[in-house]
Amino acid sequence: MRFKGFSWRTTLSAHLFHTSPRIALVSLHADLASSLLTYAFALSNFARVTVASLGSYEHERAISDIERKAKDEKLNFAVTLLCRASGIFTYMSEKVLLDWDKAGEGASGRPPDLSKEVNAALAKMALADAQTLAIRKFLSKSAYDIAVSPGPPLPKSHPSIPLIFKFHLECVSLYSSARTLAMTPGSARTSSPPSNPDSNTEVSVELRRYLADASAFHAALAHKWLGVDAGESGVREKGGEAVAWLLWAKKELEDMKRGRKGRVADELESVGVFLKHYKKINDSLTFQPVPKQQDLQARIPTGILAVHAKPYIPPAPAFGPGSVEYARLQTEALALDDNDSSGDEAVISSRTYAGAGSYF
């Protein structure tokens, strides 16, 4: 019987999408990989649609506590979807694509969507996106209180600051690792360096730019909260350090802004408020030296995860090896073999006297 596979549209290619909108890879492994890839993308898209429907609810001054908690639950649902997507991408990278290679079918002709490196990158990106939403939920109550009374001192509802900057630092690590992995197939398959590196690589420019921007944004937020932590925990001893961290965050956000509006502009405004407050105190009361950026580099801690990917467990087959019916038949066959061997042993054991079986 000849197997006829489906054709699948590439998603992450920079140029294959235009020259070959659909790629036909005749293999059960190809169809399994493409189906799981589509499933993971669908979960990611569903999470983004869910988040888009919420708006900036935590900054609305007229929102009630009940409404805020209801939207927090929807945000948490989006986190769950992205954690599931991350688990599927990991399963693709560590299991499905490896089995495909072991089946003797080479990687030639596959789009970057079906490479181990890109799927590992997508797993890290989905987990980082989930962590980003988890940070937002973590700060939702205090964000509402800050919207009513912006700037320091922080409200009592504000969660642990060290946890916040460590969450952001982990996002930096995940997005940076994802970008490195996403660039691997393109750099490996390009025989000569192109004039424009972003135009000829295998993985789309938009994905790589998103990962780079997200990494830079979370780095700026980590520096912001490191500055706020220094200012709130010991402004008399760390007033200069607080100013240094916030100046660094301000510079990074200004480099990212470039006419953009939205969250980058909002964070830049927030950093400005904290910087003005701590600088005024340091210039008039504490007079602490402001360390250089190189000195701050050595003080950056390691990040921690707020959420974890949900491992993907494939469904049991409907028939054949691995199915419930197959396991039942195997068990019954083993039971019959045990019964037959027990009967033979009983016959042998009944003939244990001297001269058994010998008759004259």
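Val 96 lies in helix H3; helices (H or I, at least four residues) and strands (E, at least two) are DSSP runs, numbered from the N terminus. At 3% relative accessibility, Val 96 is buried; buried means under 20% relative accessible area, exposed over 50%, and partly exposed in between (1.4 Å probe, protein chains only). This is a predicted model, in which local features need pLDDT of at least 70 and side-chain atom pairs count only at pLDDT 80 or more, while totals for chains, interfaces and linings use all residues. Residues are numbered from 1 along each chain as its sequence is written, and side-chain values use heavy atoms, with hydrogens and water left out.

**Around Val 96**
- Val 96 touches Leu 32, Ala 33, Leu 36 and Tyr 91, not counting residues up to four places away in sequence; contact means heavy atoms within 4.5 Å.
- Val 96 and Ala 33 are 63 residues apart in sequence, yet their C-alpha atoms are 6.4 Å apart in space.

**Overall build**
- The chain has 11 helices and two strands.
- From the N terminus, the order of elements is β-α-β-α-α-α-α-α-α-α-α-α-α.
- Of the 360 residues in the chain, 40% are buried.
- Among contacts with a separation of 6 or more, 78% join residues 24 or more positions apart.

**Largest pocket**
- The largest pocket has a volume of about 1,400 Å³.
- Its lining has 44 residues, and the closest to the centre are Glu 58, His 59, Phe 217, Arg 263 and Glu 267.
- Two or more lining residues come from each of helices H2 (28-54), H4 (116-138), H5 (140-148), H6 (161-189), H8 (205-257) and H9 (263-286).
- H8 gives the most to this lining of the largest pocket, with nine residues.
- By class, the lining of the largest pocket holds 20 nonpolar, 12 polar and 12 charged residues. Ala, Val, Leu, Ile, Met, Phe, Trp, Tyr, Cys and Pro count as nonpolar, Asp, Glu, Lys and Arg as charged, and the others, Gly among them, as polar.
- On a 1 Å grid over the protein atoms alone, a pocket is an open set of points where a 1.4 Å probe fits, with protein on both sides within 12 Å along at least five of seven lines; lining residues have an atom within 4 Å of a point.
- Grid points are joined across faces, edges and corners, and a volume is the space filled by probe spheres set on the points.

**Second largest pocket**
- The second largest pocket holds about 260 Å³ of space.
- Of its 15 lining residues, Phe 41, Ser 44, Asn 45, Arg 48 and Met 125 are the closest to the centre.
- H2, H3 (65-102), H4 and H8 each give two or more residues to the lining of the second largest pocket.
- That lining of the second largest pocket divides into nine nonpolar, three polar and three charged residues.

**Cysteines**
- The count of disulfides is zero, where a disulfide is a pair of cysteine sulfur atoms within 2.5 Å.
- Cys 83 is buried at 7% relative accessible area, and Cys 171 is buried at 0%.

**Phe 287**
- Phe 287 lies in the loop between H9 and helix H10 (293-297).
- Phe 287 is not a glycine, but has a positive phi of about 55°.
- Most residues other than glycine have a negative phi.
- At 57% relative accessibility, Phe 287 is exposed.
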